[in-house]
Amino acid sequence: MKSPIHTVWSWVRRQPPKVKAFLAVVTGMAALVLLRFIVHDHDNLFVAAEAVHSIGICVLIYKLMKEKTCAGLSLKSQELTAIFLAVRLYCSFVMEYDIHTVLDLATLGTTLWVIFMIRFKLRASYMEDKDNFALYYVLVPCVVLAVLIHPSTSHNILNRISWALCVYLEAVSVLPQLRVMQNTKIVEPFTAHYVFALGVARFLSCAHWVLQVVDTRGRLLVALGYGLWPSMVLISEIVQTFILADFCYYYVKSVFGGQLVLRLPSGVV
């Protein structure tokens, strides 16, 4: 006898793409409502997002140490992650020092270790030909956006631009990893777990901002400054979530199907 979850999942799989998209939006909204009532201090969602990101990095470390291969991993994504974490750490030290600073420091340290392993220790297994996303496609627009649209707080202009830069870079840092998976079409378990962890972290971070705006009835947007910056913060969070939403769908589908290796159909990510 099939379980209710398996029955529902089978029904969802048979629906056309538009219905699936609608169900995904409804599920996301339901999750936001649930989080609003379960988590009283919504700042904990942001801490949870950073913690989940750290867990994802730990999964990569386990993969590198156990399997002695970095096949399927994007060095460029790790480098973008290190850049935005380093910039965010700088902003934390000069603008605000709290628990986020400690979590970012730990995540940056592990990310740099992953970069070292891919570049030097496991270079032979690095799929450089698949990791072909041109970084200037994201670096240049992010720098330009940061210069043009940044917080209007009383901090030094360099610090405000740096803050904006790390927000924009974080939103697109996973794109090279998605390109690698798009090129290979087959994603081994540890890499899939890592990217799924990123998806969960992005959703929690997005939920944090959305719920903060709802709880403060929009006053948070005013506190962030004037102009386009408050909207860009929310847009960046939403973009991060939707970039990974498609992959997370196929990840969950693979898990429920009992598949150890995730196979992505053409056109995904």
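# Salt bridges, rings and cysteines in a predicted model

Guide: Arg 88, Asp 104, Glu 170 and Arg 202 are linked in a network of salt bridges. This is a predicted model, in which local features need pLDDT of at least 70 and side-chain atom pairs count only at pLDDT 80 or more, while totals for chains, interfaces and linings use all residues. Residues are numbered from 1 along each chain as its sequence is written, and side-chain values use heavy atoms, with hydrogens and water left out.

Visitor: What makes the contact of Arg 88 and Glu 170 a salt bridge?

Guide: A salt bridge is a side-chain nitrogen of Lys or Arg within 4 Å of a carboxyl oxygen of Asp or Glu, and the N to O distance between Arg 88 and Glu 170 is 3.0 Å, so the pair meets that definition. Arg 88 lies in helix 4 and Glu 170 in helix 7 (residues 157–172), so the pair ties together parts that are 82 residues apart in sequence; helices here are DSSP runs of H or I, at least four residues, numbered from the N terminus.

Visitor: Why are Arg 88 and Glu 170 called buried?

Guide: Buried means under 20% relative accessible area, exposed over 50%, and partly exposed in between, with a 1.4 Å probe and protein chains only. Arg 88 has 13% and Glu 170 has 9%, so both count as buried.

Visitor: Why is the pair of Phe 116 and Phe 120 called tilted?

Guide: The search of the whole structure for aromatic pairs finds 4. The ring centres of Phe 116 and Phe 120 are 5.4 Å apart and their planes stand at 40°, so the pair is tilted: rings of Phe, Tyr and Trp (its six-membered ring) pair if their centres lie within 6.5 Å, and planes under 30 degrees apart count as stacked, over 60 as edge-to-face and the rest as tilted. Phe 116 and Phe 120 are 4 residues apart in helix 5 (residues 99–121), which means that about one helical turn separates them. At 37% relative accessible area Phe 116 is partly exposed, whereas Phe 120, at 57%, is exposed.

Visitor: What makes the pair of Phe 133 and Tyr 137 edge-to-face?

Guide: The angle between the planes of Phe 133 and Tyr 137 is 85°, with 6.5 Å centre to centre, so the pair counts as edge-to-face. Phe 133 is buried at 11% relative accessibility, while Tyr 137 is exposed at 54%. Ring pairs also link Phe 133, Tyr 136 and Tyr 137 into a cluster.

Visitor: How do you know that Cys 166 and Cys 91 are too far apart for a bond?

Guide: A disulfide is a pair of cysteine sulfur atoms within 2.5 Å. The sulfur of Cys 166 is 5.0 Å from the closest cysteine sulfur, in Cys 91, and therefore too far for a bond. The structure holds 0 disulfides. Cys 166 itself is buried, with 4% relative accessibility.

Technical notes: Helix = DSSP H or I, 4+ residues; strand = E, 2+ residues; numbered from the N terminus.
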